[in-house]
Amino acid sequence: MLCNVCNDDIYEDDELQCSTCNEFFHFGCAVLRESIFRKMSKTAKQKWCCAKCKFSIDSKTKSPTVNVKKGNEASVLSNESFNNLTDSVKYMSDKFDSFGEQLQELLKSMKDMREENRILKVQNNNLRNDLNVLSNKLNILEQKSLDNFVEIVNVPEIINEDCKNTVKKIAKLLNVEIEVVNAYRVQSKFNTRSKKIVAELTSKQVKKDLMESSRKIKPTGNSLEASWKNEAIYINDNLTQFNRNLFYKTKIFARDSGYKFVWFRDYKLFIKKTELTKAIVVENELSLTKLT
């Protein structure tokens, strides 16, 4: 048989049958303790009815007691019904008290978790800021180690070339006297172009003179070798990987957003809209989003 409340199976030791609607119930579903039911008189057990039927009967009779043939038995039944109701209310009250305690513990746990989460967020933000500061310092140190290095772009490659000698020829064309410590080819960002030349010079000032002269004279390939194409040769700072990527993204941003100038100087990247506007330092990609 199935319980009329939860529709689950009822075992023989845990069953109640309403004397009015004849439906079966678990003791728990009927909100009645089994121990209390066992102590009831045989007549009371036979007359027991579920809460729904009891409410219906009470509504019709408007009486808190159930009338039976004998007055004494009616009194006993009324007292037992009252006691049962009292015990049921106490049982439910205990359940609600227990539920209230569990709810308070749950709310406290949630409050503690929110506070812990807030603290973790603060710590995470602090760690992120510290990491950004350290990364920035490391990048500056790495860039400083490249103070004497330049990148020369668009120089055609030749077989068995001497890169140091090529750099000296370019310097002579630019009327700058230099000593080349070392020079070598590295892969360009674009595979269709010649590998760029990275050259280490003797000082930062020599590098500065070479770059400034390059901007004024604007050397080309055929000005260096008659057989080479008339393509501009550029001499730039040798940047760290971070600065290189940021410089590339800033150039794209400038092209799409109407900024005219992008340059790198003194370990910083600058962007400027026109000759009359103020230069803006670009520290990272977030700096670009603030310019939109």
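User: What do buried and exposed stand for here?

Analyst: Buried is under 20% relative accessible area, exposed is over 50%, and partly exposed lies in between, with a 1.4 Å probe and protein chains only. Lysine 207 has 6% relative accessibility, so it counts as buried. This is a predicted model, where local features need pLDDT of at least 70, side-chain atom pairs count only at pLDDT 80 or more, and totals for chains, interfaces and linings use all residues. Residues are numbered from 1 along each chain as its sequence is written, and side-chain values use heavy atoms, without hydrogens and water.

User: Where is lysine 207 placed, and which residues is lysine 207 in contact with?

Analyst: Helices (H or I, at least four residues) and strands (E, at least two) are DSSP runs, numbered from the N terminus. Lysine 207 is in helix H6. Contact means heavy atoms within 4.5 Å. Leaving aside neighbours within four places in sequence, lysine 207 is in contact with Leu146, Asp147, Asn148, Phe149, Val150, Leu201 and Asp237.

User: Which other residues of H6 are buried?

Analyst: Val206, Leu210, Met211, Ser213 and Ser214 are buried in H6, along with Lys207. They cover an arc of only 165° around the axis, which puts them on the same side of H6. That arc is taken from the directions from the helix axis to the C-beta atoms. Arg215 and Lys216, on the other side of H6, are exposed. The cover over the buried residues includes E3, helix H5 (163-173), strand E5 (196-201) and E6.

User: What span should H6 have?

Analyst: The expected span of a helix is 1.5 Å times one less than its number of residues. For the 14 residues of H6 that gives 20 Å, and the end C-alpha atoms are 20 Å apart, which agrees. Just after H6, lysine 218 takes a positive phi of about 55°.

User: What lines the largest pocket?

Analyst: On a 1 Å grid over the protein atoms alone, a pocket is an open set of points with protein on both sides within 12 Å along at least five of seven lines; lining residues have an atom within 4 Å of a point. Here 40 residues line the largest pocket, and Ile235, Asn236, Asp237, Phe247 and Val262 lie nearest its centre. H6 gives the largest share of the lining, eight residues.

User: Is lysine 196 buried or exposed?

Analyst: Lysine 196 counts as buried, at 10% relative accessibility. Lysine 196 is found in strand E5. Its contacts, leaving aside neighbours within four places in sequence, include Glu151, Tyr184 and Arg244.

Note on methods: On a 1 Å grid over the protein atoms alone, a cavity is a set of points where a 1.4 Å probe fits but cannot get out, and a pocket is an open set with protein on both sides within 12 Å along at least five of seven lines; lining residues have an atom within 4 Å of a point.
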